[in-house]
Structures are given as C-alpha cells and as structure tokens.
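Visitor: I would like a close look at a single part of this structure, and at what lies around that part. Please take me through it step by step.

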Amino acid sequence: MRLDRIEVRRLRLALRSPFETSFARTTTKQFLLVSVSADGVTGHAECVADVDPFYLPETNATVLHVLRDFLAPLAFALEIEHPRDVMPAFARVRGHEMAKAALEMAVWELWARRAGQPLWRVLGGRGGFIESGVSVGLQPDEATLVEAVTREVAAGYRRVKIKIKPGRDLALVEALRARFPELPLMVDANSAYTLADAERLQALDRFWLMMIEQPLGWDDIVDHATLQKRLATPICLDESIHGADDARRALELGACQIVNIKVGRVGGFASAIALHDVCRARSVPVWCGGMLESGIGRLANVHLQTLPGFTLPGDTSASERYFEEDLVDPPVVVSPQGTIAVPEQPGIGHEVVWPRVERASDLHESWRRP
Ligand code: OSB
Ligand code: MG
C-alpha cells in the first residue's frame, strides 16, 4: 500500500470547563487532525500536541512543520506492508513523537477500515468493555474538589486521579480521603516537584494512594529512582517515557513501578504496543493516559487499552465531561458501572461528523504523493 494523500486540519473545541494542571489552565482544546488516504480509503488520527510546549516540547506548530517537511515525504516514499513499517521509516527524525504518532496512528486506522475491522483487532486487543477512570483538574479549594469527585464517583468512574502541585497537595488529598476512604485514588504532579520536596511527598504515603504520577522532572528518571526508594507509594511515569527503551531503563533503575502509556507521547501504536510488552514481561501494570482528546483520539485510546497489560483503569472518560458536542457520533459514553463499550465497527468505530470538524477547523493543508 502506498499513501496517495495526507491532510492536516487544525481544530479548536471549547472545553465545557477549564482544566487546570500544575503547568497550565486550558479553556479551549486546540489540536491537529491528520488524515491519510490510499486506494480510496481514508484513516484519521488526532495529534496530542497543544498550542504551547508546557507539557512536553512539541507544539501544533512544530508538528505541522515536521509533518510537512520531513514525515510526509518519508511516508509517501514508503511501500507499507503493515502499519508497523511506518515507525522504523521515521527513525532518522529524532524526537517529535507526537508528530510521528499522529501520522502512524492514521495509517493504522486506515488499515483497520480497509480490512473492515475494528482498530482493536488489528492492534491485537479484544472486544467487550474497558474500565474508565477520571482525571480531575486542580480545584480552588478542598470543598470544591470533594464536590467534583463526588460527582465523578456518582457517575460510576472506577478510579479518580487528581492534579496536585506544591502547596496544593496534602490538604486536598486529606480532604478526599476523609470523604472517600476506599476510593481507588491517585495524584498527578506533572513534574511540579524536585528531590528537595521528598519529605512532602513522603507525607502522601499515609493516604494509601494507588500511585503518584510524574512528581519530578519531565525528562528525568534518575531522581525518580532516588525518590522511589524513599516512598512507599508507587511512582508512575508519564512525561519521561517516550518508548519501550525508556521504560526498560526506568524499570531497571527502579524509577517507577507503573507506566502511563499515551500513544501520542511514545510515537504511535507500534511503540505503545512495544512499551506495553516490555512492562507486561516484567509484570509491571500499565494504563492509558489522556490528553483531553476529542472523540477521535479518545476512541483510539479505548481500542489500545484492550491489550492485556492494561490492568488499571485509565484516564479515558466520557465525551460529555469535556465537550458540549463531540466530533464523533455517538459520543463516548460511560455506563453507570464505569465502563466504556469497545466499538465493533471498522476503524475507531464511531462516525466522524464532518460538518462539526469543518466548523471547528481554521486551517487545512493537503499534500499528494509526488
Ligand atoms: O498528565 O495526564 C496528564 C491532560 C493534559 C496534559 C497532561 C495530562 C492530562 C490529564 C487529562 O491528566 C487526562 C484526560 O482527561 O484526558
Ligand atoms: Mg500525567
């Protein structure tokens, strides 16, 4: 198979409520949508980059540049026998995992549609349902947080993650634990601490959290290993893991006990599967992270986490938590039992509503195979 056309659209979708982390406050989701066509079939994937480089270094602008000038030419030149061929073809381009992932994931989606199969089947997963967890942004005070979490627990979510940062950590967790002593609960710091905060992080041990996600530097594994020796709570890495080799090194060092897998952060599905396999071989649990995706990226995450090593609920929750109107029909819904049904239709498995996509787009580029 050879790609005939690659298209990129830039979209803006208002969030129903702002999402605050230690690094940013997001009110509008802005992202690129990549579409690839071959033999009259088109596949789609959402890029997880944002307008700013505050989570990781890539931005929508760097992704567009790297796609247009480097990755699209490599992809057009490739005779694709399987979507696994795409990642190695990009090897000369260093980094830029989000850009690589968007193009590679679109090829997998095209591949699944062409075969008339749901994405999970070509990825090696299973049908049925997945367990849904929720990521609650930083809240102004403890009472508001308890109220927000109460809503999510009532909606059925099986695990709650809250964002923390220095000075907005212990009191929030303490208030939640007082109200929900047995809730599967975890925290995500998005690299807001340093080793100098080790004692403050140790104080979290008494709240019996499932894990603490990325407390230290976005590119660190060495200090995380030092910290993990001082904590009873397992560390989970997000930002500092960009592929299977990073996970192997982090686990060898003892930098974490759990890994968050985001397809966009690791360069695509092939890399996500390899990372999953490295962890599974060592009985290290993984779960699927989220990037406030529209339904297109959200559904890709649903399919990925049907692989057997995803033994913990992830950050994939319902469309209605984020958007008034999602780009897919039906939207992604969570049952009162906290589960999401895995689609059986080809590709991501829900219809993309193109008039909504066009309304949200302010840029469209289309490149043809030379
Ligand atoms: O660290 O997991 C993160 C959102 C944007 C950037 C980074 C992260 C997040 C989330 C939200 O935690 C997960 C979601 O609900 O999609
Ligand atoms: Mg995270």
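Predicted model: local features only at pLDDT ≥ 70, side-chain atom pairs only at ≥ 80, totals over all residues.

**Strand β6 and its surroundings**

Guide: Strands β5 and β6 run parallel to each other and are paired over 3 bridges. Within the pair, V134 faces V160 of β6 across the strands.

β6 spans residues 160-163. In a regular strand the side chains alternate between the two faces of the sheet. Here V160 and I162 lie on one side of β6, and K161 and K163 on the other. These four residues are all buried, and both faces of the strand are covered.

The whole structure holds 3 cavities of 30 Å³ or more, and the largest cavity contains about 380 Å³ of space. β6 supplies at least two residues of the lining of this largest cavity, and so does β2. The lining is made up of 28 residues, and those nearest the centre of the cavity are F19, F23, G290, M291 and L292.

The partner strand, β5 (134-136), points to another space, the largest pocket, where β5, β1 and α5 (142-155) are the elements that give two or more residues to the lining. The volume of the largest pocket is about 620 Å³. It is lined by 24 residues, with S17, R151, E152, R321 and Y322 closest to its centre. The element that gives the most to this lining is β1, with 6 residues.

β1 and β2 in turn belong to an open sheet of 4 strands, paired in the antiparallel sense in the order β3-β2-β1-β15. The edges are taken by β3 (41-46) and β15 (361-368); each has a single partner strand, so one side of each is left without a neighbour in the sheet. On average, neighbouring strands of this sheet are turned by 25 degrees against each other, direction ignored. β1 covers residues 5-20, and its antiparallel pairing with β15 extends over 7 bridges. In that pairing R5 is opposite R368 of β15.

Helix α3 (residues 97-115) touches β1, β2 and β3, and its direction makes about 140 degrees with that of β3.

Burial is also a feature of helix α12 (residues 295-304): 10 of its 10 residues are buried, so the helix is largely enclosed by the rest of the structure.

D188 (OD), E213 (OE) and D238 (OD) coordinate the magnesium ion (ligand 2) at 2.2 to 2.3 Å. The spacing of these donor residues in sequence is D-x24-E-x24-D. D188 belongs to strand β7 (residues 185-188), while D238 sits in the loop between β9 (235-237) and α9 (244-253), so the pair ties together parts that are 50 residues apart in sequence. Like the residues of β6 named above, D188 and D238 are both buried.

How values were computed: Residues numbered from 1 in each chain as written. Chains lettered and ligands numbered in written order. Heavy atoms only, no water. Pairing = 2+ DSSP bridges. Axes fitted to C-alpha atoms, helices over the stretch in contact; angles between N-to-C directions. Contact = heavy atoms within 4.5 Å. Donors = N, O, S within 2.8 Å, 3.2 Å for Na, K, Ca; no water. Buried < 20%, exposed > 50% of the residue type's maximum accessible area, 1.4 Å probe, protein only. 1 Å grid on protein atoms, 1.4 Å probe; cavity = no way out; pocket = protein on both sides within 12 Å on 5 of 7 lines; lining within 4 Å. Points joined across faces, edges and corners; volume = space filled by probe spheres on them.
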